[in-house]
Amino acid sequence: MEEKSRGQWTSGFGFLMAAVGSAVGLGNIWGFPYKMGANGGFAFLVLYLILAAIVGVAVMVGEIALGRRTGMGAVGTYIALSKRFKWVGWLGAVSAFLIMGFYSVIGGYVIKYFVLNLGMIFGAAPGAGGDIFNALLLNPVEGVVYTFVFMVATCVIVMGGIAGGIEKFSKVAMPALAVMLLIIIVRAVTLDGAAAGLAFMLKPNFQPLRDDFLGVLKTASGQMFFSLSLGMGCMLTYGSYLSKKENVEKNSWLIVVSDTIVALLAGFAVVPAAFALNGKASAGPGLLFVVMQDVFAKMGALGGLFGAIFYLLVIIAAVSSSISLVEVVTTFFMDSAKAKGKEGNRKAIAIWVCVVMMVLAAITAIDGLGANEKFWKPLGFAWIDFFDLWSEGIFMPLGALFMSLMIGWELGVKRFFDDILGGESFKTRKLFEISIKFIVPVGMLIVLWGQLQSFGILK
Ligand code: TRP
């Protein structure tokens, strides 16, 4: 009865769509293309693929298996399984708040662009991407309102529960996202001048690795990690609702491969379009909000339609990720209630979690991602950087580092396969063992170092 009352995915497909939904997000569509653009195109891509297969899959397997074994969220799982790393789950819970403190603001901005392009369908003048973006950043009220809309959408889905909310949404939203993305790709690669963008992504060129191997390595591993939703218990939490009948290794590969394909496809949509517009794709964070908007504005009559489709697919990607972040904390409170013999009120919990996240996000929104310098001056750096530093920069690499140490060295790989995975079939055992014991810990230290460096804390 206890098992039942906690809820479960109704099917393996449902779990897969939810997990892919968590992974596929702003990281794929906004982060991946511009980071690839700024870090050597093809060379970045190759390194990314290797990292995802070796480090990404191992951490994914670890998280899903741990959650499925205990049937609890991140906090409860580490307390139950580890002596030395009891507190690691807390890093995840705190990270969820910090990530949502900026993720929902960017999600909100995307809603604004969707509305804008809808308007263009009905004849509104397109305007220049740069002007629109700057005005948005400097308009605290608009920023907070759109963030709020994004937060409400997220909250409503989480209130619906695992099967009735998250799974139901993801099963429809993820296939829809794929279709919309294909439409945008067809449009993007047929623009005049798009071919140079395709060549940039696909033409073998390893010179960037020779120039700055460590730089590309750090960026690619940080990106891979964020894109796969790893290091803070998201996948662990989703795994805790997974049936023991589902194979963890198979699902982990499917999630990693799907997320990587979507990142690539997003690259095929954005990079050629950016090349068609101005001959390069290294426009940085503005790629999504400045360059893409200009691309649609230039398309003429159908620009608004393609723009609306594009920004809608980004909204879907972002919402299906933010629900997983809210679920990490919601699951924690539901589990705590259950441990006290009470039935947690999911709706009330989800609302409170989102209210607190909204307060943090409002700060980032008022701050305009750092554009309103007066607002963050006393702190010393922009709020988004502050939230991002502690989550992506510190807590998440540490979370994955400690998880790999716990699995590889505290529990031991044998116990992991026999007990945590319940002896189910596992084809890439040796690779997993080497990964989790050696490559992941070292990789996480590199990510940590890279992140601290990018925030100017380490030289
Ligand atoms: N993976 C998502 C993206 O690419 C964001 C995300 C969701 C995330 N849950 C996470 C990132 C947990 C890190 C940890 O946009």
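The largest pocket holds about 790 Å³ of space. The model is a predicted one. A search of the whole structure also finds four cavities of 30 Å³ or more.

**The largest pocket**

- The lining of the largest pocket consists of 31 residues, and Trp-30, Tyr-34, Lys-35, Asp-388 and Glu-392 are the closest to its centre.
- At least two lining residues each come from helix 3 (26-38), helix 6 (88-121), helix 7 (129-137), helix 11 (207-227), helix 14 (286-298), helix 18 (383-420) and helix 19 (429-454).
- The lining of the largest pocket comprises 15 nonpolar, 11 polar and five charged residues.

**The largest cavity**

- The volume of the largest cavity is about 130 Å³.
- Its lining has 16 residues, with Ser-22, Ile-99, Phe-226, Ser-229 and Leu-325 the closest to the centre.
- Helix 2 (12-23), helix 6, helix 11 and helix 15 (303-339) each contribute at least two residues to this lining, and helix 15 gives the most, with three residues.
- Nine of the lining residues of the largest cavity are nonpolar and seven are polar, while no charged residues are present.

**The second largest cavity**

- The second largest cavity contains about 100 Å³ of space.
- Of the 14 residues that line the second largest cavity, Tyr-78, Val-88, Gly-231, Met-232 and Gly-233 lie nearest its centre.
- Helix 5 (74-81), helix 6 and helix 18 each give two or more residues to this lining, and the largest share, four residues, comes from helix 6.
- The lining of the second largest cavity has eight nonpolar, five polar and one charged residues.

**Helix 4 against helix 13**

- Helix 4 (residues 42-70) packs against helix 13 (residues 248-278) at an angle of about 140°, and their axes are 8 Å apart.
- Helix 4 is therefore oblique to helix 13.
- The crossing of helix 4 with helix 13 is right-handed.
- Residues of helix 4 in this contact include Leu-45, Gly-56 and Arg-68, and those of helix 13 include Val-248, Trp-253 and Asp-259.
- The contact of helix 4 with helix 13 has 15 nonpolar, three polar and three charged residues.

**Helix 4 against helix 18**

- The axes of helix 4 and helix 18 cross at roughly 65° and come within 11 Å.
- Helix 4 passes helix 18 in a left-handed crossing.
- Among the contact residues are Val-59, Glu-63 and Arg-69 of helix 4, together with Ala-400, Phe-416 and Asp-419 of helix 18.
- The residues of the contact of helix 4 with helix 18 comprise 10 nonpolar, one polar and four charged.

Conventions
Residues numbered from 1 in each chain as written. Predicted model: local features only at pLDDT ≥ 70, side-chain atom pairs only at ≥ 80, totals over all residues. Heavy atoms only, no water. Axes fitted to C-alpha atoms, helices over the stretch in contact; angles between N-to-C directions. Parallel < 35°, antiparallel > 145°, perpendicular 65-115°, else oblique. Left-handed = near helix turned anticlockwise from the far one by under 90°. Contact = heavy atoms within 4.5 Å. Nonpolar A, V, L, I, M, F, W, Y, C, P; charged D, E, K, R; others polar. 1 Å grid on protein atoms, 1.4 Å probe; cavity = no way out; pocket = protein on both sides within 12 Å on 5 of 7 lines; lining within 4 Å. Points joined across faces, edges and corners; volume = space filled by probe spheres on them.
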